[in-house]
Amino acid sequence: MELKKREGFSSGVAVFFATLGSAVGLGNVWKFPYMVGTNGGGAFLFVYLMCVIFVGLPVMISEIFIGRRTRKNVMGAVKKLKPNQPFWRIIAVFGMITVYLIMFFYSCVGGWVYSYIFKSLKGDFTGVTSNVSQNIFSSTVLGPIPPILWQLVVLIVVGTILIMGVQKGIEKVTKTLMPLLFILIIICDIRAVTLPGTKEGLKFLFHIDFATMTKQGVLIALGLAFFKLSLGMGTMVTYGSYFTDNNNIVGTPVKVAISDTIVSLLVGIAIFPAVFSFNMKPSSGPGLLFMTIPLVFSKLPFGNILLVLFFILCSIAATTAMISMVEVLIAYFSEERGISRKKAVIINIVIIALIGITATLSVDKTSLLGGISIFGKTLFDAFDFASSNIFMPIGGLLIAILVGWFIKKEDIEEELTNYGAIKTTWHISLYRFILKFVSPVLLVIVFLNSIGIIK
Ligand code: TRP
């Protein structure tokens with residue numbers, strides 16, 4: 001079944017789950033905890049929340065506005081919105097570059113998650129200790145062959161789903177599995193907050209001490225907000241183009257941002273108590289999820305089964321997030337370039353696989369390509385850093401400026417009130433004010449500050 005273009009989502013609930021399906025992914029279970037862990041805990045969390053409210057949400061509303069107004073893929077959308085100003089096409093170009101950069105390392109981490117399903121199925125984690133769990137993680141990522149094979153499996157799954165065009169089916173899956181993931185994380189939380197390190201763990205996550213923050217940390221929090229909410233690269237423009245005339249352009253993003261944040265916080269509440277209980281360091285880096293979660297589950301009745309289930313659900317969340325990313329490329333190549341959908345998928349998946357392998361081979365300094373360094377970062381870290389901290393914030397800034405300053409107030413009001421159907425408008429004025437004056441200023445300050453141009 002081919003997803004008919006511009007068919008539109010059926011209901012408000014469908015739109016909410018579809019958007020949430022893109023937002024919730026490895027960003028929540030893998031990246032968020034390890035970023036909080038390496039950047040100082042509570043203070044970082046606070047800054048992150050500010051970034052979501054004052055930059056992430058306004059940009060998300062703007063992307064969805066652009067999508068529904070034009071009903072096109074990201075390139076088609078900026079062309080239609082500003083036909084005589086080719087400059088704005090840079091939003092689409094940056095967006096697509098970002099998709100590639102993220103996919104290079106995201107597919108690698110996706111491979112780790114897939115492989116953990118099988119490791120837990122085999123019972124590798126029964127009665128596991130913190131040393132064993134750290135060793136299992138290192139050997140998983142250092143491979144070098146198995147992690148590459150897993151990455152390829154992930155990409156083939158993503159490609160196959162995209163070729164079959166069964167996104168509609170995927171949405172149904174998300175709708176049932178997302179709540180299941182949620183329940184599983186809560187079970188994990190209940191166990192975690194009865195571990196001996198709970199007090200320390202929760203203090204690390206929630207105690208705000210700005211002394212632990214660095215300048216770079218503020219930019220990283222901003223980048224994380226973009227990454228988690230799937231912003232700054234056209235995903236939400238594409239989704240917005242499927243919104244129907246009575247879907248709420250402000251309400252849905254607010255609900256999605258709140259739910260996405262709750263999922264991340266619950267994962268944090270599961271992980272940090274475990275970190276302190278099992279004598280690990282919060283700053284353990286990208287392995288944090290993989291090293292702690294098996295330990296928490298090993299202390300639960302039926303822990304092994306639940307662990308398998310947890311990784312299955314994470315794999316699905318990661319897969320749906322990747323589908324939403326690659327769809328941006330496919331929509332562009334098929335709608336703007338006239339390439340068949342199948343061909344577009346194959347070409348893009350091959351490109352992502354070829355370069356993505358270099359991310360997998362550079363996870364650690366001791367890896368095969370770990371010696372290659374770009375501005376002092378391994379390739380894996382460079383793909384991550386460039387996408388989250390350079391391309392997405394710049395894309396977000398351009399979107400904020402475009403919608404905040406170069407779209408008529410009447411047009412925005414028309415679209416955001418669903419052509420007059422929504423009577424309350426105070427939130428639209430608030431949104432426009434933040435978008436015009438707060439988000440761009442914050443974006444510029446954070447950006448210049450982190451590259452050391454202003455202090
Ligand atoms: N938000 C997803 C996550 O947290 C990742 C993702 C999906 C994404 N689509 C995106 C990130 C578009 C940036 C842009 O895992």
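Which residues does Asn 418 touch, not counting residues up to four places away in sequence? In this predicted model, Asn 418 touches Arg 68, Asp 245, Asn 246, Asn 247 and Asn 248, where a contact means heavy atoms within 4.5 Å. Asn 418 is placed in the loop between α17 and α18, and with a relative accessible area of 7% it is buried, a term for residues under 20% relative accessible area, whereas exposed stands for over 50% and partly exposed for values in between (1.4 Å probe, protein chains only). Helices, here and below, are DSSP runs (H or I, at least four residues) numbered from the N terminus.

Residues are numbered from 1 along each chain as its sequence is written, and side-chain values use heavy atoms, with hydrogens and water left out. Because the model is predicted, local features need a pLDDT of at least 70 and side-chain atom pairs count only at pLDDT 80 or more, while totals for chains, interfaces and linings use all residues.

The pLDDT, which is the predictor's confidence in each residue on a scale from 0 to 100, averages 90 over the protein, and 96% of the residues score at least 70. Over residues 1–5, however, the pLDDT is below 50, and this stretch has 14 contacts in the model beyond near neighbours in sequence. Among the elements of the protein, the lowest mean pLDDT, 82, belongs to helix α8 (residues 167–192), and the highest, 96, to helix α15 (residues 341–360).

Angles under 35 degrees count as roughly parallel, over 145 as roughly antiparallel, 65 to 115 as roughly perpendicular, and the rest as oblique. Helix α3 (residues 42–70) packs against helix α10 (residues 215–228) at an angle of about 50°, and the two axes are 8 Å apart, which makes α3 oblique to α10. On the α3 side, the contact involves Phe 44, Val 47, Tyr 48, Cys 51, Val 52, Val 55 and Val 59, and on the α10 side the residues include Gly 217, Val 218, Ile 220, Leu 224 and Phe 226.

A right-handed crossing is also found where α5 passes α6. The axes of helix α5 (residues 89–121) and α6 come within 11 Å and cross at roughly 130°, so that α5 is oblique to α6; Trp 112, Ser 115, Tyr 116 and Lys 119 of α5 meet Ile 136, Phe 137, Thr 140 and Val 141 of α6. With helix α4 (residues 74–81), in turn, α5 has axes that come within 8 Å and cross at roughly 170°, and α4 and α5 are therefore roughly antiparallel to each other. Their contact is made by Val 74, Met 75, Val 78 and Lys 79 of α4 together with Arg 89, Ile 91, Ala 92 and Val 93 of α5.

Helix α12 (residues 251–277) has 27 residues, which at 1.5 Å a residue should span 39 Å, and its end C-alpha atoms, 40 Å apart, agree with this; the expected span is 1.5 Å times one less than the number of residues. The helix is mostly covered, since 23 of its 27 residues are buried. Thr 252 is found in α12 and, at 6% relative accessibility, counts as buried. Leaving aside residues up to four places away in sequence, Thr 252 touches Val 15, Phe 16, Thr 19 and Phe 243, while its C-alpha atom is separated by 24 Å from that of Ile 394, 142 residues apart along the chain.

Most residues other than glycine have a negative phi, and most peptide bonds are trans. Asn 279, which follows α12, has a positive phi near 55°; Asn 279 lies in the loop between α12 and α13 (288–298) and, at 71% relative accessibility, counts as exposed. Tyr 419 likewise has a positive phi, of about 60°, although it is not a glycine, and its place is in the loop between α17 (409–416) and α18 (426–450). At 46% relative accessibility, Tyr 419 counts as partly exposed. A cis peptide bond, with omega about 5°, joins Gly 143 and Pro 144, and Pro 144 is placed in the loop between α6 (130–142) and α7 (145–164).

Note on methods
Helix = DSSP H or I, 4+ residues; strand = E, 2+ residues; numbered from the N terminus. Axes fitted to C-alpha atoms, helices over the stretch in contact; angles between N-to-C directions. Left-handed = near helix turned anticlockwise from the far one by under 90°.
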